[in-house]
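Student: I would like to go through a structure that is new to me. Could we begin with how its helices are placed?

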Amino acid sequence: MILCPECGLPLNKKSCRCGFKLVKQNGVYRLAAGIPLIKPGYSEEGHIVLNSCEEKHFWFVIRRRLISEAVKRYLKPGSSVFDAGCGTGRTAMELSKAGFKLSAGDIFEPGLRLSASRIQGPVYQTDISDLPFREHFDSVCAFDVIEHFKDDIALMKTFHSALKPGGIIFLTVPAYQFLWSRGDTEGGHARRYSRKKVRNLLRNAGFEPLEIRYFYLFILPLLFLRKLLLMFSPSGHKSTETGTAINAAVNAILMSAARFEHRIFRRSGPPAGGSILAAGKKIEEQ
């Protein structure tokens, strides 16, 4: 069920008796009227750079593999999946290729248009902290999203409402508060997580934890080194558009290390890591 963002009544064939109509523009359905289409630091050119980087950067490539494997563990092919905070839509595309029925949502263009070009399902411009869906999807995914919100429990409860009974949520988040650096501040993060914190978050939002694993053990020393370097380097804005650039040779080395770690810890994940992958099952309210 999709609710009208104006009056809260269920939409009937993409329209509501209050007069609201779900309009599709540039491949995107507009569910968040009045919100600007472009955010500073997220320009058209920047998304092109980010999109190109995501294709080959070790961090994105191996993360997509881990996500795809996790989703396949808990969902049947053909399950409906909503990618909340979809960005450029590359992860949604990978899950679509794996046989799932993808929908996606985010606030700002031009990432939404990239997403719309990559999946056959609907792409929505919507405020993911106030989703107008009720028991609509088999799964909701939020990959490196919830750390950007001050009230992560409220966000998770919104995802809970969007899921069908027994639906599955998938998350990735940055790990360990002691690794907090200026990069987190510039990236708009509110916190980093531990396994315990993710477990408590899932339970408090109405989910049964199914899996919580660390990944990227090998980059922990690099993350700590980055923290120290940023502490003693001049402050300055580093836009979202260029912050993921990496030297090709360095990327090749880190890609090999990431693949090796994945082979060694494929079954249960390493004992620590720079990020966390989690899955939880919706628990029905009594």
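Tutor: One term is needed at the outset: contact means heavy atoms within 4.5 Å. Please also keep in mind that this is a predicted model.

Student: What covers the buried residues of α7?

Tutor: The cover includes helix α5 (152-162) and the strands β7 (163-174), β8 (207-215) and β9 (275-282).

Student: And which residues of α7 are buried?

Tutor: Helix α7 spans residues 195-204, and its buried residues are Val198, Leu201 and Leu202. They cover an arc of only 95 degrees around the axis, so they lie on the same side of α7.

Student: Which exposed residues does the face turned away from that side carry?

Tutor: That face of α7 carries Lys196 and Arg203, both of them exposed.

Student: What follows α7?

Tutor: Gly206 follows α7, and its phi is positive, near 95 degrees.

Student: Changing topic: at what angle do α2 and α3 pack?

Tutor: Helix α2 (residues 58-74) and helix α3 (residues 90-97) pack at about 45 degrees, and their axes are 10 Å apart. The two helices are therefore oblique to each other.

Student: Is the crossing left-handed or right-handed?

Tutor: The crossing of α2 past α3 is right-handed.

Student: Which residues meet there?

Tutor: From α2, Arg63, Arg64, Ile67, Ser68 and Val71 meet Arg90, Thr91, Glu94 and Leu95 of α3. Sorted by class, this contact has four charged, three nonpolar and two polar residues.

How values were computed
Residues are numbered from 1 along each chain as its sequence is written. This is a predicted model: local features need pLDDT of at least 70, side-chain atom pairs count only at pLDDT 80 or more; totals for chains, interfaces and linings use all residues. Side-chain values use heavy atoms; hydrogens and water are left out. Axes are lines fitted to C-alpha atoms, for helices over the stretch in contact, and angles run from 0 to 180 degrees between N-to-C directions. Helices (H or I, at least four residues) and strands (E, at least two) are DSSP runs, numbered from the N terminus. Angles under 35 degrees count as roughly parallel, over 145 as roughly antiparallel, 65 to 115 as roughly perpendicular and the rest as oblique. A crossing is left-handed if the near helix is turned anticlockwise from the far one by less than a right angle, and right-handed if clockwise. Ala, Val, Leu, Ile, Met, Phe, Trp, Tyr, Cys and Pro count as nonpolar, Asp, Glu, Lys and Arg as charged, and the others, Gly among them, as polar. Buried means under 20% relative accessible area, exposed over 50%, partly exposed in between (1.4 Å probe, protein chains only). The arc is that of the directions from the helix axis to the C-beta atoms.
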